Amino acid sequence: MSWVAIPLSLLTVVSTLIGGLTALRLRGHLETVMALSGGVVVAVALFDVLPEAIDGIDNSRTVTTLVAAGFLTFFFFQRALVLHHRDDPDEARAHHRVGALGAAALSVHSFVDGLGIGLAFGVSTLTGVLVFVAVISHDFADGLNTVTFVLRQQGDRRRALRWLAADAAAPFFGAIVGTIVSVSAQNLAYLLAVYAGFFLYVGSSDLLPAAHARTSPLRIALTLSGFAVTYAIVTVAAR
C-alpha cells in the first residue's frame with residue numbers, strides 16, 4: 001500500500017497552497033485553525049508514531065534520544081534560519097538574505113514531510129494515514145509561514161508565490177522518494193522516533209503557542225478535539 005502515499009501527498013500540496021493564499025488574503029481566523037492542527041500533530045506523535053518507534057526499537061533510551069534529536073534538529077533550523085519568524089516587521093527585515101534561506105528550509109522540511117508519509121505507509125496503512133493527517137494539518141501553517149516570512153523579509157509578492165509553489169510541491173516529491181526507497185524495519189523505527197520529535201516540536205512550540213496566544217474557549221475545545229479524535233482512531237484501529 002506504500003504507493004498510496006503519492007496521490008495522498010497531492011492533498012498536502014493543496015493544503016500548503018491554501019495556507020499560503022490565505023496568508024495573502026485573510027489572517028483573521030488562522031489561529032483558530034492552528035488550534036485544531038496543533039492538537040492533531042502532537043497527538044499523532046504521542047499516540048501512533050512514538051509507539052511504533054518504541055515497538056520497533058525496543059530500547060527506551062535509544063527512542064528518547066532519537067526523539068530529542070528530532071526535536072532539537074527542528075529547533076536548530078528554526079533558530080539558525082529564523083524560521084516561522086515572529087519579530088516585528090522592521091526587525092525581521094534586518095536579517096540579510098534570511099527570507100530566501102528561511103523559505104528554502106521550509107521547503108526542505110516539506111520534502112521531509114512527504115518522505116515521512118511514504119515511509120510510514122511501509123510500516124502500516126494506519127501509521128501512513130495518521131502521519132499523512134499530521135502532515136496535512138501543519139502544511140497549512142507551513143504555507144502560511146512561507147508567504148508571511150518572505151513578505152516580511154523582502155515585501156515581494158511574486159517571490160513569495162514562487163517560494164509557496166516550491167514549498168507546496170516538495171512533499172509530493174518527498175512521498176515519491178519515500179515510496180521508492182527501501183528501508184529496513186529497524187531503520188524505519190529509528191526514523192519514526194526522529195519524526196516524533198519533529199511533530200512534537202512543530203505542535204508544541206509553534207502551532208499551539210500561536211493558536212493560544214489569546215485565551216479562547218473555542219480554541220481550547222478544538223485542541224482537545226484534535227487529541228480525542230486522533231486517540232479514538234488509533235484505539236479503534238488497534239483492536
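This report describes a predicted model of a protein, from its overall make-up to a few single residues.

## Basis of the model

Residues are numbered from 1 along each chain as its sequence is written, and side-chain values use heavy atoms, with hydrogens and water left out. Because the model is predicted, local features need pLDDT of at least 70 and side-chain atom pairs count only at pLDDT 80 or more, while totals for chains, interfaces and linings use all residues.

## Overall make-up

The protein has 9 helices and 0 strands. Helices (H or I, at least four residues) and strands (E, at least two) are DSSP runs, numbered from the N terminus. Read from that end, the order of elements is α-α-α-α-α-α-α-α-α.

Of the 239 residues, 48% are buried; buried means under 20% relative accessible area, exposed over 50%, and partly exposed in between (1.4 Å probe, protein chains only). A contact means heavy atoms within 4.5 Å. Among contacts with a separation of 6 or more, 84% are between residues 24 or more positions apart.

## The nonpolar core

The largest nonpolar core holds 41 residues. Such a core is a set of buried Ala, Val, Leu, Ile, Met, Phe, Trp, Tyr and Cys residues joined through side-chain atoms within 4.5 Å. Val49, Val67, Ile117, Val131 and Phe199 have the most contacts inside the core. At least two core residues come from each of helix 1 (5-25), helix 2, helix 3, helix 5 (98-120), helix 6 (125-154) and helix 8 (185-211). Helix 8 gives the most, with 14 residues.

Leu66 is part of helix 3. Neighbours within four places in sequence aside, Leu66 contacts Ile57, Tyr190, Ala193 and Val194.

Asp48 sits in helix 2 (residues 30-57). With a relative accessible area of 3%, Asp48 counts as buried. Its side chain and that of Thr127 are joined by a polar contact of 3.4 Å. A polar contact is a pair of N or O atoms within 3.5 Å; within protein, one must be able to donate a hydrogen and the other to accept it, and residues adjacent in sequence count only if both atoms are side-chain atoms. Leaving out residues up to four places away in sequence, Asp48 touches Ala43, Leu126, Thr127, Leu130 and Val234.

Arg219 belongs to helix 9 (residues 217-238). Arg219 is buried because its relative accessible area is 5%. Apart from neighbours within four places in sequence, its contacts are Glu31, Thr32, Ala35, Ala211, His212 and Arg214.

## The surface

The protein exposes about 11200 Å², and carbon and sulfur atoms supply 66% of this area. Accessible areas come from the Shrake-Rupley method with a 1.4 Å probe; for residues, only the protein chains shown count as cover.

Leu72, Phe75, Phe76 and Phe77 make a nonpolar surface patch of about 410 Å². Patches are made of residues with over 30% relative accessible area and no salt bridge: like charges are joined within 9 Å, and nonpolar side chains (Val, Leu, Ile, Met, Phe, Trp, Tyr) within 5 Å. A salt bridge is a side-chain nitrogen of Lys or Arg within 4 Å of a carboxyl oxygen of Asp or Glu. Phe76 lies in helix 3 (residues 60-80) and is exposed, at 51% relative accessibility.

## A loop residue with positive phi

Asp58 is in the loop between helix 2 and helix 3. Asp58 counts as exposed, at 67% relative accessibility. Most residues other than glycine have a negative phi. Asp58 is not a glycine, yet has a positive phi of about 60°.
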